[in-house]
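Student: I am new to this model. Could you walk me through how to read it?

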Amino acid sequence: MLFNSIQFALFFAVVLIVFYVLPPRVRVWWILLASLFFYCYKSPDEPVGEQSYYLFAAILVTWITAVVIDLIPAQGKLKILRGILLAEGLIADFGMLIYFKYTKFFIELINPRIVDNGGQAISTDFNLLMPLGISFFIFTSTGYLIDVYRCKYHAEKNPLYVALFTSFFPCIMSGPIERGDHLIPQLKKLHKVKVIDVNRMSSGLFLIIWGLFAKMVIADRIAMIVDNVYGHYYNYGSVELIFASICYSIQIYCDFMSYSTIALGCAKMMGIEVFDNFNAPYLSLSVKEFWRRWHISLSSWLRDYVYFPLGGSRCSKIRKHLNVLITFLVSGFWHGAGINFIIWGGMHGVVQMIDDVTSPLRKKINDITHAKTDSFGYKFGKGLLTFAFVDIAWVYFRITDFHLANEIVRRMFMRPDLWVLFNDGIYELGLDRKEFNILFIAVLVLIVMDIAKKDKDKSVGDIMIAQPWWFRWAVIISLFFAVLTFGIYGPAFDPAGFIYLNF
Amino acid sequence: MKLLAKKKELQNGILSGLKSVKDLVRAVSFLLLVAFLLNIWVIWFIPKHHDGNRMMETFYAQPQNSIDVLVVGSSHTFIDVNTGMLWEDFGIPSFVIGGSLQPFWNSYYFIREALNYQHPRMIVLEAFACDVDFDYGDHGMIINNVSGMRMNRNKLEAIRASVTDVDGIIDFSLLFREYHNRYSELTINDVAPELGDPVRFENNKGFYDYLGTYPITRPVCDMDDEIVPMPNKEEYYYKLIIEYCQEQGIPLMIMVSPDGAYNDLSRGHYNHAREIAEEYGVEFVDYNEYYDEIGINFETDFGDIGHLNYLGNRKFTNFLGEHLTDEYDLIDRRGDTTGLYDSWHENYVYIEERLDNYLLTQTEEVADYLNMLNSLNDNYEIILYVSENRYIIDDLRRYLGLHSISAIRPFDSNRYLICGNVTNILTQDDNGLYYEEFLGDHHLSVTNEGVFFDGTKVDESYYTGVCIVTVDRHNQTVADTVVIDESMVYRYESEH
């Protein structure tokens with residue numbers, strides 16, 4: 001059930017109405033039921049899809065392991081048992097993830113070696129149907145297990161809360177990746193959520209509509225340019241390819257941000273705050289900052305459970321750089337079983353290393369040249385460079401074939417054709433002039449929102465609450481009708497899934 | 001102290017309650033505003049198909065229990081059965097609910113829906129659906145045949161009968177998913193649908209006069225009584241229609257309209273339909289057996305291979321009207337003074353004037369053209385002026401004198417307005433405006449620059465001669481714009 005489908009709209013409307021009609025104490029169970037239905041229901045013939053069993057397994061493993069770990073004292077002779085149990089839980093959880101996501105990748109990786117040594121290649125002619133959202137619910141579960149192991153908080157004894165924490169429907173497919181000490185206490189207080197809270201409701205509604213706007217008006221429209229240009233890259237020169245890469249940057253941002261924003265809005269309407277996953281990432285002045293603003297729940301997960309255990313920054317410089325690189329390689333690998341994702345992650349890691357290593361030198365140059373580092377121009381230049389790097393890195397993310405990605409990047413710089421900016425060639429990349437104008441206005445709205453978000457350092461929902469009611473109404477209604485009219489949807493349209501659902 | 005605390009608690013409770021009420025009022029107001037705007041949005045965006053939403057929209061606008069003959073079926077109904085003529089010549093207030101390739105399962109629900117608002121004295125079911133070979137029509141066909149119905153059980157049932165899956169039911173129930181992307185094709189007629197169409201609502205009876213001619217050869221059919229079963233699903237709903245009409249006590253006549261594509265297979269299907277109708281004691285008439293009696297000329301009476309044109313439908317309707325008045329218990333409503341049937345006369349005038357306008361645009365000879373102008377009724381206005389101040393030859397002046405405008409003279413820069421036998425010389429005001437008039441919601445103006453209809457220039461002055469703009473006030477349209485000289489009619493291709 002996609003967030004931008006009629007089915008989800010009906011589902012959520014029913015969930016929300018029943019949520020507020022039911023006795024408050026029952027709400028949590030209702031949300032659990034709704035979450036399991038959302039994830040497990042496949043069709044009337046097969047009410048519970050086969051893939052759902054892996055979610056149940058993850059819940060069971062997480063609950064039992066956490067409870068048992070919590071029973072064992074953190075100090076003393078039995079301490080080692082906690083480690084063993086944690087390892088068992090992580091192996092079970094990550095085992096599932098690796099099995100579904102990486103089996104083919106590893107086989108393809110080792111097959112050439114086997115063949116070189118005279119063996120017979122292992123067949124990859126099988127189809128492992130990856131459970132939807134597995135990367136997200138596995139990271140949620142393992143984060144929880146590690147937190148309990150670290151005695152950050154106690155394990156939740158009631159399995160139903162653990163089940164809901166792991167399967168909470170707004171987050172299960174594409175995050176945000178929640179933490180036990182953030183979500184579970186809120187689930188336990190669901191009965192206290194006020195039925196009528198105009199601010200909360202309008203903030204949630206705005207987030208949902210804003211998410212739909214980003215997805216249906218921007219991401220799915222701009223995808224037509226991206227798909228066309230990347231699909232026929234050989235027909236295009238530098239300007240079109242650079243333009244397409246910028247479009248893809250906007251597409252993937254709007255696509256993923258929209259999912260997280262809708263999740264945020266849905267949760268908010270039920271009185272639950274989940275992590276805001278994005279904070280104007282393309283307004284970052286460095287790659288490091290970009291990762292503080294992009295997919296925040298994953299970045300913080302990797303920081304807490306990969307980077308810190310590796311030693312973080314409290315070690316030698318070389319080790320620190322290595323830790324950064326490893327963390328970003330893991331990040332790339334998490335996004336997909338493909339060399340291109342690893343390269344993409346590696347690029348981000350390497351650039352951060354370079355950034356760190358050259359920092360004193362750049363400071364010195366700035367001092368010598370009396371660079372006005374606080375000026376708009378300086379920041380703009382830094383922001384532009386950061387965006388340019390992120391943009392090029394996205395090419396490797398989008399194009400699964402490494403050599404093809406290299407070729408596209410090469411053409412981005414080696415096939416100058418500036419004239420297309422002046423001969424209306426830009427309107428022949430997949431969107432006609434009318435559609436292009438709609439896209440242009442929508443992207444302007446996105447930029448304004450992001451500037452406001454960065455400036456206030458709040459979610460767009462919270463920014464909206466602070467506005468006068470008439471302004472809120474005008475914005476919500478305008479966005480709603482923009483989605484209704486200019487959204488890419490309907491029978492003639494093959495609904496585009498959210499890109500991050502694939503991860 | 002305790003009392004004070006209690007008082008404060010009570011005050012807080014009241015304040016909180018008031019806030020809740022205020023919030024509730026605000027939320028409800030917001031939802032009402034969205035619903036209001038959504039309603040406007042739907043009016044703007046919904047496609048205005050003649051055989052789709054628009055026909056049903058006009059059906060719902062009919063005075064209750066005013067329709068005596070309800071005609072239901074495929075496109076043959078709304079193109080072949082001339083409702084204006086049924087009224088003017090036979091006094092029958094009729095209405096056509098037709099849809100392109102309308103299958104019986106849609107006809108069935110249309111009839112059910114219609115009977116919620118009307119109690120016709122009889123129903124005519126057109127049986128082209130026997131001859132179609134699909135159980136589920138294509139996208140456009142389904143839209144044409146369900147989009148106009150109001151959202152109720154009949155509509156949902158009609159959709160359910162038309163599609164196979166839940167997604168289809170959702171798609172056709174929430175049709176905005178289909179038409180939301182019309183934003184690039186919206187016109188003023190979408191935004192204000194009542195503009196420019198005097199027959200949009202109750203004056204529209206579903207009929208659409210096919211203007212144009214498509215010569216065809218007379219269909220040859222060797223088969224006589226052989227039966228070819230119609231598709232099972234069509235048969236099921238065909239029988240349901242018959243049974244439902246009988247339950248309701250409404251006489252049903254089933255007919256097949258003259259069809260240039262008539263062949264052995266269709267004849268076989270219609271024979272099956274006839275057999276079933278006879279089992280139920282219902283009259284079945286295949287008018288493809290009466291070409292000569294109707295007087296159909298295959299050279300001139302068809303608009304395309306399957307449908308009659310403006311000549312053909314008048315012959316056929318005359319034949320059908322005589323049959324209906326002879327065989328069924330119908331009342332001649334023409335003498336009615338209650339006003340209930342006034343809209344049928346309006347419908348007739350609209351249809352006839354639309355044809356006159358068409359014929360005017362087809363005329364190329366100067367004498368014929370001027371004669372046609374003379375024959376137009378008082379609903380027409382003729383705006384006339386000399387183009388480019390050129391000399392107008394005597395012959396032309398004589399022709400134009402038919403309208404008592406002999407005042408026109410060489411180097412004449414005046415504008416003339418002729419309506420009926422009255423000719424006015426228009427004088428220019430300080431703003432350069434000679435004349436303006438509102439026709440319904442339309443605006444007609446005559447200025448130094450030319451003649452404008454809704455702000456669009458409808459004449460062309462680069463020809464040498466007399467420029468004539470003919471305005472149909474009843475149908476609120478510019479019928480024709482020409483420049484004529486002594487030899488011929490030059491026609492400016494205007495969008496009006």
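Student: At what angle do the axes of helix H4 and helix H5 of chain A cross?

Tutor: Start with what an axis is: a line fitted to C-alpha atoms, for helices over the stretch in contact, with angles running from 0 to 180 degrees between N-to-C directions. Helices (H or I, at least four residues) and strands (E, at least two) are DSSP runs, numbered from the N terminus. Here, H4(A) covers residues 79-116 and H5(A) covers residues 134-149. Their axes cross at roughly 170° and come within 10 Å. Angles under 35 degrees count as roughly parallel, over 145 as roughly antiparallel, 65 to 115 as roughly perpendicular and the rest as oblique. H4(A) and H5(A) are therefore roughly antiparallel.

Student: Before we go on, what kind of model is this, and how are things numbered?

Tutor: This is a predicted model, in which local features need pLDDT of at least 70, side-chain atom pairs count only at pLDDT 80 or more, and totals for chains, interfaces and linings use all residues. Residues are numbered from 1 along each chain as its sequence is written, while chains are lettered from A and ligands numbered from 1 in the order in which they are written.

Student: Which residues of H4(A) and H5(A) meet?

Tutor: A contact means that two C-beta atoms, placed from the backbone, lie within 7 Å. On the H4(A) side, the residues include Leu86(A), Leu90(A), Phe94(A) and Phe100(A). On the H5(A) side, Ile138(A), Leu145(A) and Tyr149(A) are among them. By class, this contact has 11 nonpolar, 4 polar and 3 charged residues. The classes work like this: Ala, Val, Leu, Ile, Met, Phe, Trp, Tyr, Cys and Pro are nonpolar, Asp, Glu, Lys and Arg are charged, and the others, Gly among them, are polar.

Student: Which domains does chain A have?

Tutor: Domain bounds come from an automatic or database domain assignment. For chain A, it gives domain 1 (6-111 + 121-195) and domain 2 (199-502). Their C-alpha centres lie 27 Å apart. Across the boundary, 25 residues of domain 1 are in contact with 23 residues of domain 2. On the domain 1 side, H4 and H5 are among the helices that each supply at least two residues.

Student: Is His295(A) buried or exposed?

Tutor: Count neighbours. A residue is buried if 20 or more other C-beta atoms lie within 10 Å of its own, exposed if 12 or fewer, and partly exposed in between. His295(A) has 23, so it is buried. His295(A) is in the loop between H11 and helix H12 (296-307) of chain A. Its phi is near 45°, a positive value in a residue other than glycine.

Student: What is the phi of Asp424(A), and where is this residue?

Tutor: Asp424(A) has a positive phi of about 65°, although it is not a glycine. The residue sits in the loop between helix H16 (402-414) and helix H17 (433-456) of chain A. Asp424(A) is exposed, with 9 other C-beta atoms within 10 Å. Ile426(A) lies in the loop between H16 and H17 of chain A. Ile426(A) is partly exposed, with 16 other C-beta atoms within 10 Å. Leaving out residues up to four places away in sequence, Ile426(A) touches Phe243(A), Val420(A) and Leu421(A).

Student: How many residues link chain B to chain A?

Tutor: 20 residues of chain B are in contact with 14 residues of chain A. The largest share of the chain B side, 9 residues, comes from H1(B). That side divides into 10 nonpolar, 5 polar and 5 charged residues.

Student: What is the mean pLDDT of chain B?

Tutor: pLDDT is the predictor's confidence in each residue, from 0 to 100. Chain B has a mean of 84, and 85% of its residues reach 70 or more. Over residues 402-410 of chain B the pLDDT is below 50. Where pLDDT is low, the predicted coordinates should not be read in detail. The model scores ipTM 0.80 and pTM 0.78.
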